[in-house]
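Let's walk through a two-chain model together. Have a viewer open if you can, and follow along one piece at a time.

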Amino acid sequence: MIHCNVISSRTEVRMRLREELRKDWFAFTLCAVMALFFAVAAVASAATYASVVGAHRDVTLGESTVGATLLENDTLLLTYSVTLDNPTRYTVHIYSLSWSVYVVNGTEGADRNIVLGGSYTGPGHMLTVDGRGTETYSLRCFVIAQDRLDKLNGLIGYGLTQGEEYTLETIPYTHAFEIVAWVGEFTHDYDRELYLNDLMKLDLVDLIYREVPWL
Amino acid sequence: MALTADGLKRVVLATFLGAPAIAFMSFDFMFPNLSTPSLDKSVLAVLLISIVTGLPAGYLTRRIDLALLSVLSYTAAGYLIGLLMYSSPYLMYDIEILLPGLYYTAFIRYTVILVFIFAFGGFVGAVFGGLIRESVDREETSLTWRDR
């Protein structure tokens, strides 16, 4: 009997896999736990990736509303309002928010645009939009500078010669609005692998481009 | 040596045990800011985990040729699963990849070097796994001898 056991061990008689698994259950359980750990981590990571890519599609700017009002003191008030809709579960951290309003008054050169105003909000303001939330941004600027109002009035005068009856409230103003934001709390400070930053970056642009018809 | 049905089962089992780790590490190397827990592109950590992943292959099969085959098998399977994970947004949502060639080339370009690390670590792990198996067998024999 002793002799048989020694011989069987030394010649490594193959046990069938199932018997071996039963015998070495602890080692195989360890292996299975390790495999399960990585499988769960892999599925969770892939699901996170899918939802972050989905955020690029789902986080959107709504329909914007613009306005131009001439106030009693001959100041021109230009307004812009837009809603950011964030249906994802991630908080959107706004890095920068910029808006500019101008009138396209030419095809080239330094005076191509009559710049009237705008707004910029940088990362220091810590603007956020919570997950499954919406945020409305209402921006406005007052055009007080006489030289700019003179330019607009000059454009109105030139419009009359072209058969266009504009007023300060009906001039085709161009509004350029842009939000750069980060999705969630994921790391995005890579210097070398810029695609990792791009993956987390949302660039939402709303451009209401209008130009006078005689251009 | 011939590949028996029992040997094939061992290779398949080793593939199931090893592929998830390879898939995770491939994906994690591509997106360290998304995956949990992240190895943060540490090649040393990848090598160490590859060695640990190779242990079952050597422990299970005993035959070195089957162990190496198991390593190659789970590396290939894991890498393909990693590629599938990389495609997950486009499989789950109705989003179209703009430049599929460029998209998949980026993954391969960033992670192909890992395949060699996976295989190398796996081979080392398989050898260690075989040594552990031998050690366990030897210990069992000595215990059996002492008991008798």
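## Ground rules

This is a predicted model, so to speak of a local feature takes pLDDT of at least 70 and side-chain atom pairs count only at pLDDT 80 or more, while totals for chains, interfaces and linings use all residues. Residues are numbered from 1 along each chain as its sequence is written, and chains are lettered from A and ligands numbered from 1 in the order in which they are written.

## Chain B at a glance

Chain B has 5 helices and 0 strands, and its pattern along the sequence reads α-α-α-α-α. Helices here are DSSP runs of H or I with at least four residues, strands are runs of E with at least two, and both are numbered from the N terminus. The C-alpha trace of chain B spans about 70 × 30 × 25 Å along its principal axes.

Chain B counts 148 residues, and 43% of them are buried. Buried means that 20 or more other C-beta atoms lie within 10 Å of a residue's own; exposed means 12 or fewer, partly exposed is in between, and the C-beta atoms are placed from the backbone. Of the contacts in chain B with a separation of 6 or more, 84% are between residues 24 or more positions apart. A contact is a pair of residues whose C-beta atoms, placed from the backbone, lie within 7 Å.

## Where the two chains meet

The contact takes 31 residues from chain A and 32 from chain B. On the chain B side, α1, α2, α4 and α5 each give two or more residues. The largest share comes from α1(B), with 11 residues. By class, the chain B side has 18 nonpolar, 6 polar and 8 charged residues. In this scheme Ala, Val, Leu, Ile, Met, Phe, Trp, Tyr, Cys and Pro are nonpolar, Asp, Glu, Lys and Arg are charged, and the others, Gly among them, are polar.

Now zoom in on one helix pair. The axes of α3(A) (residues 25-58) and α1(B) (residues 5-30) come within 8 Å and cross at roughly 35 degrees. Axes are lines fitted to C-alpha atoms, for helices over the stretch in contact, and angles run from 0 to 180 degrees between N-to-C directions. The crossing is left-handed, meaning that the near helix is turned anticlockwise from the far one by less than a right angle; clockwise would be right-handed. Among the residues that meet here are Phe38(A) and Ala42(A) from α3(A), and Phe24(B) and Phe27(B) from α1(B). This contact divides into 15 nonpolar, 1 polar and 1 charged residue.

## Helix α3 of chain A

How far apart are the end C-alpha atoms of α3(A)? They are 48 Å apart, which agrees with the 50 Å that its 34 residues should span at 1.5 Å a residue. The expected span is 1.5 Å times one less than the number of residues.

Buried residues of α3(A) include Cys31(A), Phe38(A), Tyr49(A) and Val52(A). The buried residues of this helix pack against β8 and α5 of chain A, and against α1, α2, α3 and α4 of chain B.

## Inside chain B

Helices α2(B) and α3(B) pack at about 145 degrees, with their axes 8 Å apart, and their crossing is right-handed. Gly54(B), Ala57(B), Gly58(B) and Thr61(B) in α2(B) meet Leu66(B), Ala67(B), Ser70(B) and Val71(B) in α3(B). That contact has 4 nonpolar, 4 polar and no charged residues.

Val46(B) also sits in α2(B). Is Val46(B) buried or exposed? Val46(B) counts as buried because it has 22 C-beta neighbours inside 10 Å. Leaving aside neighbours within four places in sequence, Val46(B) is in contact with Met25(B), Leu39(B), Leu114(B) and Ile117(B).

Most residues other than glycine have a negative phi, and most peptide bonds are trans. The peptide bond from Thr36(B) to Pro37(B) is cis, with omega near -10 degrees. Pro37(B) is in the loop between α1 and α2 of chain B.

Asp40(B) is in the loop between α1 and α2 of chain B, and its phi is positive, near 55 degrees. With 12 other C-beta atoms within 10 Å, Asp40(B) is exposed. Over in chain A, Arg132(A) has phi near 55 degrees and lies in the loop between β6 and β7. Arg132(A) is exposed, with 12 other C-beta atoms within 10 Å.

Conventions: Contact = placed C-beta atoms within 7 Å.
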